[in-house]
Amino acid sequence: MKEYFTERKDILAFALLVMLATTIPYLIGFNVEGESWRFTGFLIGAEDGNSYIAKMLSGAVGNWLFRSPYSAEPQGGMIAFLPYMILGKLTAPPAQHDQLVAIYHGFRFIAGVMVVFSCYDFLSLYTK
């Protein structure tokens, strides 16, 4: 049993190291932000990242159901992107955009650690 927990601690250390390495560029982006340049919180796939921020903002203003902004037809909404809608409910003005980005990256960090554990558990079924 002690071996199991030692193995888990090693996996956790690796997962935290991986997620820290992937978070450093975003922290640098926030630190170089100035009066003439605003960092939106994303380096790769900024359009995709900002669409998640928009979904979180939709949740922040009270929505629970997703409605496509690209349709002129009336919509009843559907349960989609619910984790992002719920995360948006944790924010409030002022500086809401900064809160949304920080919560998004916190969620990304925690989910990334969980992915490393999941991949390890899956691979350990087939390898020694």
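This is a predicted model: local features need pLDDT of at least 70, side-chain atom pairs count only at pLDDT 80 or more; totals for chains, interfaces and linings use all residues.
**Entry 1: the chain as a whole**

I began with the contacts of the protein chain, taken as heavy atoms within 4.5 Å, and found that residues 24 or more positions apart account for 58% of those with a separation of 6 or more. Residues are numbered from 1 along each chain as its sequence is written, and side-chain values use heavy atoms, with hydrogens and water left out.

I then listed the elements, for which helices (H or I, at least four residues) and strands (E, at least two) are DSSP runs numbered from the N terminus. The protein chain has 4 helices and 0 strands, and from the N terminus on the order is α-α-α-α. Its radius of gyration is 18 Å, well over the 14 Å that the globule rule gives for 128 residues, so the chain is more spread out than a compact globule. That radius is taken over C-alpha atoms, and the rule is 2.2 Å times the number of residues to the power 0.38. Along the principal axes, the C-alpha atoms fill a box of roughly 55 × 40 × 25 Å.

I looked up burial next, where buried means under 20% relative accessible area, exposed over 50%, and partly exposed in between (1.4 Å probe, protein chains only). Buried residues make up 25% of the 128 residues in the protein chain.

Helix 1 (residues 2–31) has 30 residues and reaches 42 Å from its first C-alpha to its last, close to the 44 Å expected at 1.5 Å a residue; the expected span is 1.5 Å times one less than the number of residues. I found a bend of about 30° at Thr 23, with Pro 25 following within four residues; the bend is the angle between axes fitted to the seven residues ending at a position and the seven starting there. The buried residues of helix 1 are Ile 11, Ala 15, Met 19, Thr 23, Tyr 26 and Gly 29. An α-helix has 3.6 residues a turn, so residues three or four places apart point the same way. What covers the buried residues of helix 1 includes helix 4 (96–124).

For helix 4, 29 residues should span 42 Å at 1.5 Å a residue, and its end C-alpha atoms are 42 Å apart, which agrees. Its buried residues include Gln 96, His 105, Arg 108 and Gly 112, and the buried residues of this helix pack against helix 1, helix 2 and helix 3. Asp 98, also in helix 4, is partly exposed, with a relative accessible area of 32%.

**Entry 2: the cores**

I searched for nonpolar cores, meaning sets of buried Ala, Val, Leu, Ile, Met, Phe, Trp, Tyr and Cys residues joined through side-chain atoms within 4.5 Å. The largest has 9 residues, namely Phe 42, Tyr 52, Ile 53, Met 56, Tyr 84, Leu 87, Leu 100, Val 101 and Tyr 104. Helix 2 (46–60), helix 3 (82–88) and helix 4 each supply at least two residues of this core. Leaving aside its neighbours within four places in sequence, Tyr 104 is in contact with Phe 42, Tyr 52, Ile 53, Met 56 and Tyr 84. A second, separate core of 6 residues includes Ile 11 and Ala 15, together with Val 113 and Val 116.

**Entry 3: the loops**

In the loop between helix 2 and helix 3 I checked Phe 81, whose phi is near 60°, a positive value in a residue other than glycine. Phe 81 is partly exposed, with a relative accessible area of 33%. Neighbours within four places in sequence aside, its contacts are Tyr 52, Lys 55 and Phe 66. From Phe 81 to Phe 66 I count 15 residues in sequence and 7.1 Å in space, C-alpha to C-alpha.

In the loop between helix 3 and helix 4 I looked at Pro 94, which is joined to Pro 93 by a cis peptide bond with omega about 0°. Ala 95 has its place in the loop between helix 3 and helix 4, and its phi is near 55°, a positive value in a residue other than glycine. Ala 95 is partly exposed, with a relative accessible area of 48%.
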